Amino acid sequence: MAIIQGKDGLCALPSGNAALINTWSATFSHVVNDFTSFGNTGMVRQLGLPDIQGSAGGFMETGSSKDIALFGSEESSKIGQHTIGAAGAAMTLTIASGCTIVFSAIIDTISINSAVAGDASVTFNFQMSDANGATVAWDD
């Protein structure tokens with residue numbers, strides 16, 4: 001048994017998102033369906049479709065092969081044209097070598113910050129957009 005350390009993690013966003021990612025978090029949940037009917041003496045619930053939502057953060061990058069985190073390469077003057085696209089694209093969350101979660105995701109919110117002390121951080125909020133659900137690999 002090996003202890004997993006955060007330094008082995010990774011969040012691979014689709015190409016064009018110019019950021020050095022140093023943190024990510026994800027919440028794994030299911031829709032809960034309520035099937036309670038007349039005559040039941042307690043709630044009747046069943047789990048429905050799975051979902052993944054979360055965020056990834058780090059520091060912005062610039063350069064000829066990089067897009068500003070807010071914009072897509074074709075529409076660099078319009079806020080909201082994220083390079084991940086409206087339908088989503090592959091995203092990989094890595095916990096450690098051999099332990100990955102791959103799914104299609106949309107980025108619904110991007111927050112940027114610039115502090116006088118030198119930080120220029122960015123946070124991407126994402127949601128799963130994948131009819132087939134996530135593919136999980138776990139190195140036993």
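Surface patches are made of residues with over 30% relative accessible area and no salt bridge, like charges being joined within 9 Å and nonpolar side chains (Val, Leu, Ile, Met, Phe, Trp, Tyr) within 5 Å; a salt bridge is a side-chain nitrogen of Lys or Arg within 4 Å of a carboxyl oxygen of Asp or Glu. The structure is a predicted model, in which local features need pLDDT of at least 70 and side-chain atom pairs count only at pLDDT 80 or more, while totals for chains, interfaces and linings use all residues. Residues are numbered from 1 along each chain as its sequence is written, and side-chain values use heavy atoms, with hydrogens and water left out.

The chain contains seven strands and zero helices (DSSP runs of E, at least two residues, and of H or I, at least four, numbered from the N terminus). Of its 140 residues, 24% are buried (under 20% relative accessible area; exposed is over 50% and partly exposed in between, with a 1.4 Å probe and protein chains only).

Strand β5 (residues 99–114) includes S104, which is buried at a relative accessible area of 16%. The S104 side chain lies 3.4 Å from the backbone nitrogen of A89, a polar contact being a pair of N or O atoms within 3.5 Å; within protein, one must be able to donate a hydrogen and the other to accept it, and residues adjacent in sequence count only if both atoms are side-chain atoms.

I4, V136 and W138 form a nonpolar surface patch of about 300 Å² (Shrake-Rupley method, 1.4 Å probe; for residues, only the protein chains shown count as cover). W138 follows β7 (135–137) and is partly exposed, at 46% relative accessible area.
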